[in-house]
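Work through the exercises below with the coordinates open. Try each task before reading its solution.

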Amino acid sequence: MQRSQSFISGEVAWSQGRFLDCGRVICEELSQEELVRWAAGLLKFCMRYGPSVPTIERVAALADAPSDWRFAHAAFSDVRAITLAAERAGASGDPLLKSMLYVAENTAKVIYNASGGPAPFDHDAGWWLVPCFEKFLQAVARPEVADDGHRLLFDPS
């Protein structure tokens with residue numbers, strides 16, 4: 001896919017700290033299949049730097065199997081259970097894990113919505129990936145990881 005005006009607008013929104021707007025303009029440009037691939041790419045990036053969590057690994061694996069996308073609703077529920085426990089831990093919880101869980105939740109929503117199954121998640125689930133991914137990059141707090149993450153976020157391929 002060629003670099004579009006939407007991706008350029010997304011970069012402007014990112015640079016201005018308007019992360020949800022950034023997600024909106026990127027997601028509106030992508031087909032359902034491209035959106036799943038993009039979301040999964042962000043999640044897999046997080047998995048390289050965050051803790052190993054089998055439930056999150058399951059979400060990433062679902063993205064690679066379109067015939068299984070319908071199972072992403074259950075995968076979301078499994079991730080959500082871990083997220084709620086992490087939120088209960090409050091300030092003592094691991095911010096890297098929490099931000100990765102939010103990326104996984106929204107990735108599962110994107111995957112399920114792409115399946116065309118009943119009772120889809122809100123249409124803006126993909127938009128929320130960008131603010132969640134930005135929080136993840138903040139939690140990693142390594143400039144080289146942030147640079148790599150930024151490139152991945154705006155990679156139109």
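This is a predicted model: local features need pLDDT of at least 70, side-chain atom pairs count only at pLDDT 80 or more; totals for chains, interfaces and linings use all residues.

Residues are numbered from 1 along each chain as its sequence is written, and side-chain values use heavy atoms, leaving out hydrogens and water.

**Exercise 1. The core**

Find which residues touch the most other members of the largest nonpolar core.

Solution. 
- Step 1. Buried means under 20% relative accessible area, exposed over 50%, partly exposed in between (1.4 Å probe, protein chains only).
- Step 2. The largest such core has 52 residues, and Trp38 and Leu153 touch the most other members.
- Step 3. Ask where its largest share comes from: H6 gives eleven residues. Helices here are DSSP runs (H or I, at least four residues), numbered from the N terminus.
- Step 4. List the contacts of Trp38 (heavy atoms within 4.5 Å). Leaving out residues up to four places away in sequence, Trp38 touches Ile26, Cys27, Leu30, Gly126, Leu129, Val130, Leu152 and Leu153.

**Exercise 2. A helix pair**

Describe how H3 and H4 pack.

Solution. 
- Step 1. The angle between H3 and H4 is about 145 degrees, and their axes are 9 Å apart. Axes are lines fitted to C-alpha atoms over the stretch in contact, with angles from 0 to 180 degrees between N-to-C directions.
- Step 2. From H3 come Val36, Ala40, Leu43, Lys44 and Met47; they meet Ile56, Glu57, Val59, Ala60 and Ala63 of H4.
- Step 3. Sort the residues of this contact: eight are nonpolar, none polar and two charged. Ala, Val, Leu, Ile, Met, Phe, Trp, Tyr, Cys and Pro count as nonpolar, Asp, Glu, Lys and Arg as charged, and the others, Gly among them, as polar.

**Exercise 3. Salt bridges**

How many salt bridges does the whole structure hold?

Solution. 
- Step 1. Apply the cut-off: a side-chain nitrogen of Lys or Arg within 4 Å of a carboxyl oxygen of Asp or Glu. The search finds seven.
- Step 2. Take Lys44 and Asp64, paired at 2.9 Å, N to O. Lys44 lies in helix H3 and Asp64 in the loop between H4 and H5, 20 residues apart. Lys44 is partly exposed at 32%, and Asp64 is exposed at 55%.
- Step 3. Take Glu105 and Arg80, paired at 3.1 Å, N to O. Glu105 is buried at 6%, whereas Arg80 is partly exposed at 26%. Shared partners join Arg80, Glu87 and Glu105 into one network.

Methods. A nonpolar core is a set of buried Ala, Val, Leu, Ile, Met, Phe, Trp, Tyr and Cys residues joined through side-chain atoms within 4.5 Å. Helices (H or I, at least four residues) and strands (E, at least two) are DSSP runs, numbered from the N terminus. Contact means heavy atoms within 4.5 Å.
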